[in-house]
Every structure is written in C-alpha cells, then in structure tokens.
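Have a look at this one with me.

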Amino acid sequence: MNGGRLSRATTRKRKRVFRITTALALMLALIGIIAFAALFDKKQDSALPESDEIATEMVDSESEQPADAEKESADKIYIGQPYTKVYADDRVTVVYEADLGDRFERLETVSGFVKVQLNERLTGWVTEESVTTEATALSDDEVIAAWQQVVPNASESVLDWIGKDLENVRTEHGSPSAVQRDQVNEYHFYDGFFLMVRDQKVRAVDWDKQATATPDLQPTREQATGIWFEGETVQLKLFPYSGVMRVRLEQK
C-alpha cells in the first residue's frame with residue numbers, strides 16, 4: 001500500500017516538473033524569438049546610410065553639369081506662318097496667335113498637334129504642319145543691317161533693350177503711354193514703337209506703319225503676309241499690310 005502511494009506521488013511530482021520545465025522552455029523560446037526579431041529590425045535599420053554622404057555626392061555630381069545644359073538640349077520649333085492659331089488643351093479654344101518665326105520649346109507631339117511652352121506659366125498646341133525645325137541662319141550683323149534699312153530712324157540703343165529686365169528699360173525710358181496684354185505677352189507702348197514683354201523681359205521691339213521696304217538680304221522665309229530673317233541671336237520680321245508694314249526686332 002505504502003509503495004503504491006509513493007509511486008503515485010512520485011509520478012505526480014514528475015508530471016509537475018515536466019509541465020514547469022515545458023512552460024519555462026516555451027517562455028525562453030518566445031523570448032528568443034522576440035529578441036531575434038528586434039535584432040533583425042536593428043540590422044535592417046543599420047542598412048540605411050547613417051549620414052547624407054551618398055546623397056551629397058549625388059547632388060554634387062549633378063551640380064557639376066552646366067546650368068544651361070538642359071536648356072540647350074531642349075527641342076525647339078519655329079512657327080512657319082504668320083497669325084498661327086495656338087490652342088488650349090482642348091485643341092479648339094484659341095489662346096494666342098503666333099507670328100512667323102516665333103521660337104518655342106516643343107514639349108510633345110500628339111495626333112498632328114505640337115505642344116509648346118508659350119511662357120513660364122502657359123502651354124499651348126499648334127498644328128504640326130504650321131511649325132518647322134529648320135531655319136537658315138544669317139549673321140547678326142546682316143540682320144541688324146537689314147533692320148537699319150527698313151527702320152532708318154531707329155536708334156542703335158534699341159539693341160541694348162532686347163533681353164533686358166523690363167524694370168531696367170522703364171528706368172531708362174519712363175512709363176509707357178499704354179499697356180496691353182494677351183495670354184502670352186505684354187505690349188508697352190511708347191512714342192513710335194512698342195516693347196513686347198514676356199516673363200518680365202523685353203523680348204522684342206515693334207515699329208508699326210512703316211514704309212514698305214525690302215532689305216538687300218535673302219530672307220529665311222518669305223510669304224505674302226510675312227518675311228523672316230533669322231540671325232544668330234536676333235530675328236527681324238516684316239509684316240506688310242495695307243501698303244505699310246510692321247517691323248519687329250526680336251531676341252531668339
């Protein structure tokens with residue numbers, strides 16, 4: 001009888017020890033899993049750079065490129081005919097009329113239309129058939145000589161206005177008598193001429209109602225409604241109408 005009771009007591013004791021041991025083993029295993037996961041996360045974090053040296057090196061390598069490299073490589077197009085309609089994104093609404101020889105950056109070509117950058121804020125669409133990528137260039141000296149032929153009374157100081165900030169020109173010449181605006185440009189009127197202003201820079205000078213004249217120079221393109229002379233940095237455009245013509249000297 002006593003031997004039997006001792007045997008059962010021993011068995012119960014062993015079971016309790018086994019359960020406690022098993023529980024402790026499970027707890028230790030769980031603690032081990034949690035610790036491993038924390039260590040793994042820490043290793044993952046340590047795979048990221050501890051400083052910005054890599055990013056700095058990338059930025060520095062890009063900054064070594066010429067600032068105007070992207071601008072120089074941009075795809076440029078010329079408007080091939082006067083009074084070319086420029087459309088909004090719906091390609092129905094007219095937002096502007098471009099002149100012969102106007103030069104814009106081409107953004108994309110879709111289904112017979114070319115998307116162009118009109119100014120810093122506005123883009124538009126022109127038909128693909130109305131643009132060209134080729135323009136036979138003359139020297140600036142030839143273009144300026146042709147301009148002096150057709151506007152003989154204009155001062156050579158005009159050449160210093162083109163490309164300048166508007167405020168600098170207004171400081172020198174005072175306020176205009178009138179200002180008109182369209183979607184792309186502003187037009188500042190003075191006695192005998194007006195300034196075409198885009199993005200707060202003087203892009204061109206126009207003289208209206210000039211006597212019709214033909215320079216002794218082969219034009220880049222000639223049509224009944226417009227004549228275009230393409231220089232290295234400037235353009236001359238003549239737009240005859242009703243026995244007179246409008247003359248524009250413009251920065252490319």
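What follows is a walk from the sheet and its helices to the cores and the aromatic rings.

Keep in mind that this is a predicted model: local features need pLDDT of at least 70, side-chain atom pairs count only at pLDDT 80 or more, and totals for chains, interfaces and linings use all residues. Residues are numbered from 1 along each chain as its sequence is written, and side-chain values use heavy atoms, with hydrogens and water left out.

First, the inventory. The protein has six helices and 15 strands; these are DSSP runs numbered from the N terminus, with helices being H or I of at least four residues and strands being E of at least two. Of its 252 residues, 34% count as buried, where buried means under 20% relative accessible area, exposed means over 50%, and partly exposed is in between (1.4 Å probe, protein chains only). A contact here is heavy atoms within 4.5 Å. Among contacts in the protein with a separation of 6 or more, 52% come from residues 24 or more positions apart.

Now find the open sheet. Eight strands make it up, in the order S8-S9-S10-S11-S15-S14-S13-S12, with antiparallel pairing; two strands pair if DSSP finds at least two bridges between them. At the edges sit strand S8 (178–181) and strand S12 (221–223), each of which pairs on one side only. On average, neighbouring strands of this sheet are turned by 20° against each other, direction ignored. (Axes are lines fitted to C-alpha atoms, for helices over the stretch in contact, and angles run from 0 to 180 degrees between N-to-C directions.) Zoom in on strand S10 (residues 193–198) and strand S11 (residues 201–211): they are antiparallel and share five bridges, and Arg198 has Lys201 of S11 as its bridge partner.

Which helices lie across these strands? Helix H4 (residues 140–150) lies across S11, strand S13 (226–230), strand S14 (234–241) and strand S15 (244–251), at about 30° to S14. Helix H6 (residues 166–173) lies across strand S9 (186–190), S10 and S11, and runs at about 10° to S9.

These elements come back when you look at the largest nonpolar core, which has 29 residues; Trp147, Leu195, Trp207 and Val247 touch the most other members. A nonpolar core is a set of buried Ala, Val, Leu, Ile, Met, Phe, Trp, Tyr and Cys residues joined through side-chain atoms within 4.5 Å. Two or more residues come from each of H4, helix H5 (158–161), H6, S10, S11, S13, S14 and S15, and H4 gives the most, with five residues. Click on Trp207: leaving aside neighbours within four places in sequence, its contacts include Trp147, Val151, Phe193, Met245 and Val247. Apart from this core lies another, of 17 residues, among them Ile79, Val86, Tyr96 and Ala98.

Met245 deserves a stop of its own. This residue is found in strand S15 and is buried, with a relative accessible area of 2%. Again leaving aside neighbours within four places in sequence, Met245 is in contact with residues including Val150, Trp207, Leu238 and Phe239. Thr225 is 20 residues away from Met245 in sequence, and their C-alpha atoms are 9.6 Å apart in space.

Next, the rings. The structure holds seven aromatic pairs; rings of Phe, Tyr and Trp (its six-membered ring) pair if their centres lie within 6.5 Å, with planes under 30 degrees apart counted as stacked, over 60 as edge-to-face and the rest as tilted. One of them is Tyr187 with Phe194, an edge-to-face pair at 6.0 Å centre to centre and 75° between the planes. Both partners are buried: Tyr187 at 13% relative accessible area and Phe194 at 11%. Tyr190 and Phe193 are stacked, because their centres are 5.6 Å apart and their planes are at 15°. Tyr190 is buried at 13%, and Phe193 is buried at 18%. Ring pairs also bring in Trp161, so that Trp161, Tyr190 and Phe193 form a cluster.

Strand S1 (residues 76–79) pairs with strand S4 (residues 103–110) in the antiparallel sense over three bridges, and Lys76 has Glu105 as its bridge partner in S4. Two bridges also join S1 to strand S7 (residues 131–132), again antiparallel, with Tyr78 partnered by Thr132.
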